[in-house]
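Please walk me through this protein, one region after another. I would like to understand how its parts are arranged before looking at single residues.

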Amino acid sequence: MKGIDKIGTDVAFAAQLLEEDGIVAIATETVYGLAANAYSESSVMKVFEAKQRPSFDPLIVHTHSIEQVESFTSEFPAELKKLANAFWPGPLTLILPKNNKIPNIVTSGLKTVAVRIPRKTRTLELLKKLPFPLAAPSANPFGYISPTTAQHVIKQLGDKIDYVLEDGDAEVGLESTIVGYEDGQYIVYRAGGISIEEIEAIVGPVLLKNHSSSNPKAPGMLASHYAPKDVRVVHAEEFDGEDDESIYYLRFDKKLKNIPGHRQVILSKSSDLTVAARNLFASLRQLDEIPSCKTIVIEYVPNKGLGKAINDRLKRASAH
Ligand code: TXA
Ligand code: MG
């Protein structure tokens, strides 16, 4: 199989590939993931290789139930279980102490493991069929933007993976929110698909320590495999050049009046942050694929709710 032929809905086939140490892209509500048997070092190694991901960046383990989580962790603190009960299945990842079922390659040697239950039906069906959980980072080459459709996965990793178990587009569009609990304090390591406000509504004040990586993490690395180029992303407030035909605009809810409409992409006409999050990565890809586009001038969205995670990704896309 090549390219687009690798996209399908055959859960049994995907399960068989994974049982045989293959790597399979899976749909989740946040972004597509590139999955391997989390208990198999050799199969997880293939994920790192396909993504060209450095071994110091640990993976998230995807599971179908709290019972399964308890089989590969040494403790599930009540403080974090509260969040699991509130948001799983959904875009929340919890940091838990691992036991020795999880090989060190998955956690980059850390004693903790990142865990979540995703929300897509077909992916949950697959997870229930398998006798092991799935280690899966986002299904993009390291440093590139995360994929929100099966086609995004194929375009960049099609020749490196065995199959894409398709299950519609990612409806959240931002990676999961990563939360841990240390020394009596909730810590958010990555803002994501569940807003900080939603988490605080359940557990009270949290500490935001946005240290963990999210793509795109390398400056000027939006360019995709199939159309390699170097698009510069700058913030509207910092853009000091004159407008010309090579400059495109990613806007929150309104087009600029003085710029031709075909060089502007709107994230949400109705000013809805949920819609903006869903459209963010596909919009960046869309602009990146326009041959004449050399610079993308982006605008921050309101910094509340999902807006915080959107602004975090925009900041990373434009990091120098
Ligand atoms: O929504 C998501 O989380 C998607 C889908 C596929 O589930 N996955 C995803 O994976 O975004 P990835 O590999 O792109 O990001 C995982 C992040 C890493 O940046 C890593 O730093 C953090 O999770 N992480 C993994 N294990 C960790 C741990 N033990 N402690 C703290 N952070 C951890
Ligand atoms: Mg990623």
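This is a predicted model: local features need pLDDT of at least 70, side-chain atom pairs count only at pLDDT 80 or more; totals for chains, interfaces and linings use all residues.

Over the ring of which residue does the charged end of lysine 81 sit? The charged end of lysine 81 sits over the ring of phenylalanine 76, 5.3 Å from the centre of that ring, where sitting over a ring requires NZ of Lys or CZ of Arg within 6 Å of the ring centre and within 35 degrees of the ring normal.

Residues are numbered from 1 along each chain as its sequence is written, chains are lettered from A and ligands numbered from 1 in the order in which they are written, and side-chain values use heavy atoms, with hydrogens and water left out.

Phenylalanine 76 also takes part in one of the three aromatic pairs that the structure holds. Rings of Phe, Tyr and Trp (its six-membered ring) pair if their centres lie within 6.5 Å, and planes under 30 degrees apart count as stacked, over 60 as edge-to-face and the rest as tilted. The rings of phenylalanine 13 and tyrosine 163 have centres 4.9 Å apart and planes at 85°, so this pair is edge-to-face. It links distant parts of the chain, since phenylalanine 13 belongs to helix 1 and tyrosine 163 to strand 8, 150 residues apart; helices (H or I, at least four residues) and strands (E, at least two) are DSSP runs numbered from the N terminus. Phenylalanine 13 counts as partly exposed because its relative accessibility is 25%, whereas tyrosine 163, at 4%, counts as buried; buried means under 20% relative accessible area, exposed over 50% and partly exposed in between, with a 1.4 Å probe and protein chains only. The rings of phenylalanine 76 and tryptophan 88 have centres 6.2 Å apart and planes at 65°, so they too form an edge-to-face pair. Phenylalanine 76 lies in the loop between helix 3 (66–72) and helix 4 (78–87), and tryptophan 88 lies in the loop between helix 4 and strand 5 (92–97), twelve residues apart.

Turning to the sheets, eleven strands form an open sheet in the order 1-8-2-3-7-4-6-5-9-10-11, with mixed pairing; two strands pair if DSSP finds at least two bridges between them. Strand 1 (7–8) and strand 11 (207–208) stand at the edges, each with a single partner strand, so one side of each is left without a neighbour in the sheet. Helix 1 (residues 11–19) packs on this sheet, touching strand 2 (24–26), strand 3 (33–37), strand 7 (134–135) and strand 8 (163–165), where contact means heavy atoms within 4.5 Å.

Not counting residues up to four places away in sequence, leucine 126 touches several residues, including Val11, Ala14 and Leu165.

An open sheet of four strands has the order 12-15-13-14, with parallel pairing, and its edge strands, strand 12 (232–235) and strand 14, each pair on one side only. In the loop between strand 14 and helix 9 (273–288) lies serine 268, which is buried, with a relative accessible area of 2%, and which touches Phe252, Asp253, Val275 and Ala276, not counting residues up to four places away in sequence.

Methods
Axes are lines fitted to C-alpha atoms, for helices over the stretch in contact, and angles run from 0 to 180 degrees between N-to-C directions.
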